[in-house]
Every structure is written in structure tokens, then in C-alpha cells.
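I opened my notebook to work through this chain from its overall layout down to single residues. My entries follow the order in which I looked things up.

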Amino acid sequence: ALACIISLLIILGGYISAPTLISWVGSRGSASYEYALEYFRAILMGALFLNVATGLNFMIRAEGNMKEAMVLFGSAVILNATLNPIFIKTFGWGVAGSAWATNVAMLVSVVVHMVFMHYKRKGFYSFSPLRVRGSALRTMVVLGLPSLLLNALTLFQQYFAIKFIGHLGGETEIAFFGIVYRFIVFFLLPVLGMSRALQPIIGITFGAKDYDKMKRKFYRDWE
């Protein structure tokens, strides 16, 4: 529910301020401005589905069901890749078609995650009405703040990098940077995968105060 509320605020604020946000990275006045604006506003429409699907996937991971979490999110990625050429070329939606392919894939992912959690619930999954407790909210903020700051810093890093590249070069150089950055993320996937798999293990063993087991799992994972 909190993810839904935050997502709706992001959608509203982002849609209204889209021209300003895009101009900050130097796109205003360029040939790609209209494409960037069209894609950004289209992808914002699916921010709710993306955030909810990601949150549900993290809940499944938190109980150690890494295989199920991978299959559920991986199926959304495959669906997204399948819909991209259909929406872009067959339907003639252009760059916005890529965004809508992502939105549809994330909507399907939310439905699939909820079906899985309803029929395969093994722990703390609950679809009861929202009841926010102060202590639980404080714990969520404390635990989530480091990840929030990390993602925010990554965003600012990307912003300044694009601004700097745009100042020295142009759209071609920015596009080249985007391609190279995708390759960098791809090569980092093994490390990111091991880290994501280790997170629920450490969380479960630490919560159970089984520190010896936590250390064994940590060192064995990185051997």
C-alpha cells in the first residue's frame, strides 16, 4: 500500500515536471527532446506496477525463495522483450511502445506475484487492509534508508555524467555512454546476483541470532 501511495505521487509529480526534468540533462532544443518526453511520460504510467512488482518480489526473496523470485521476475523480462517489437513496430507506437511494453509486462508481473503469494504463501504474506504501526514504520525507514541513499547517489552520478558528456559532446556521445553503461551493468551481474542471494540468508540468520551460521554462510558464499 505504501508503494502504491509513493508511486502515485511520483507519477503525478513526474508527469507534470517532465519537460523540466528532461531539460536538466540537456535534451531541450535537441532532436531527441520529443522522443525523450514521450518515453518518459509513458514509462511513468507504469511506475506503480514496477514498484509493486519489485516490492512483492523482495518479500518472496526475504523468505529465502530465491528461485521462485528469479522465475517470477525473469518471466516479466522475457514478456517485456517479446512485446517490445510488437508495440514499437507492429503497432507503430515508436519509442513510447518500448515504455508501454515495460508497463504491460510489469502489470502482468504484479498479477503473477499476487497469485503466487496467495496460493503458495508460506509465511508473512498478507493482503489485509493497511495498518501502519509507528515502530514498524521506523524499522522500515531505518532498514530502507541506506538503499534509498545509494540509489539516489547513483541517480545523481548518472545525471552529472550525462550533463558532462553532453557539454563536451552531444547526443551521439550520450547514447554511446548509455550503451557502454549497460555492458558494465551486465558484467557486474554475477557479483550483484551473489549479493542479492546473500541478503535474505544474512537477514534470516541475523534475525534468529544464529551468528555462527551467518558467518559460515557468508564465507562459503564468497569462496
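**Overall layout**

I began by noting that this is a predicted model. I then listed the secondary structure and got nine helices and zero strands. Read from the N terminus, the elements run α-α-α-α-α-α-α-α-α. Next I looked up burial. Buried residues make up 21% of the 223 residues in the chain.

**Helix α1 and Ser7**

I looked up Ser7, which is found in helix α1, residues 2-16. Is Ser7 buried or exposed? Its relative accessible area is 0%, so I put Ser7 down as buried. Then I asked which residues Ser7 touches beyond those up to four places away in sequence. They are Ala47, Leu48 and Asn51. Ser7 and Ala47 are 40 residues apart along the chain, yet their C-alpha atoms are separated by 6.1 Å.

**Helix α2 and Ile22**

Ile22 is found in helix α2, residues 18-24. Its relative accessible area is 7%, which is under the 20% cut-off, so Ile22 counts as buried. I also checked the spacing of Ile22 and Tyr33. They are eleven residues apart in sequence and 7.7 Å apart in space, C-alpha to C-alpha.

**Helix α4**

I checked the length of α4 against its residue count. At 1.5 Å a residue, its 16 residues should span 22 Å. The end C-alpha atoms of α4 are 22 Å apart, which agrees. Which residues of α4 are buried? I wrote down Ala47, Val52, Ala53, Leu56, Asn57, Ile60 and Arg61. I kept a general point beside that list: an α-helix has 3.6 residues a turn, so residues three or four places apart point the same way. After α4 comes Gly64, and its phi is positive, near 90°.

**The nonpolar core**

How many residues does the largest nonpolar core have? I found eleven: Val52, Ala53, Leu56, Ile60, Ala69, Leu72, Ala76, Met106, Val110, Phe116 and Met117. Helices α4 (47-62), α5 (66-90) and α6 (95-119) each supply at least two residues of this core. Leaving out residues up to four places away in sequence, Met106 touches Phe49, Leu50, Ala53, Phe73 and Ala76.

**Asn80**

I turned to a polar residue, Asn80, which is found in helix α5. Its relative accessibility is 16%, under the 20% cut-off, so Asn80 counts as buried. What is Asn80 in contact with, leaving aside its neighbours within four places in sequence? I noted Ser98, Ala101, Thr102 and Ala105.

**Aromatic rings**

I searched for aromatic pairs next, and the structure holds six. One of them is Phe87 with Phe91, which is stacked at 5.4 Å centre to centre, with 20° between the planes. Another is Phe186 with Phe187, an edge-to-face pair at 5.7 Å centre to centre, with 70° between the planes. Both Phe186 and Phe187 are exposed. Phe87 is buried, with a relative accessible area of 10%. Phe91 counts as partly exposed, at 44% relative accessibility. Phe87 and Phe91 also belong to one aromatic cluster with Trp93.

I then looked for a charge over a ring. The charged end of Arg41 sits over the ring of Tyr15, 4.6 Å from its centre.

**Helix α7**

I ended with helix α7, residues 134-168.

Conventions. Residues are numbered from 1 along each chain as its sequence is written. This is a predicted model: local features need pLDDT of at least 70, side-chain atom pairs count only at pLDDT 80 or more; totals for chains, interfaces and linings use all residues. Side-chain values use heavy atoms; hydrogens and water are left out. Helices (H or I, at least four residues) and strands (E, at least two) are DSSP runs, numbered from the N terminus. The expected span of a helix is 1.5 Å times one less than its number of residues. Buried means under 20% relative accessible area, exposed over 50%, partly exposed in between (1.4 Å probe, protein chains only). A nonpolar core is a set of buried Ala, Val, Leu, Ile, Met, Phe, Trp, Tyr and Cys residues joined through side-chain atoms within 4.5 Å. Contact means heavy atoms within 4.5 Å. Rings of Phe, Tyr and Trp (its six-membered ring) pair if their centres lie within 6.5 Å; planes under 30 degrees apart count as stacked, over 60 as edge-to-face and the rest as tilted. A charge sits over a ring if NZ of Lys or CZ of Arg is within 6 Å of the ring centre and within 35 degrees of the ring normal.
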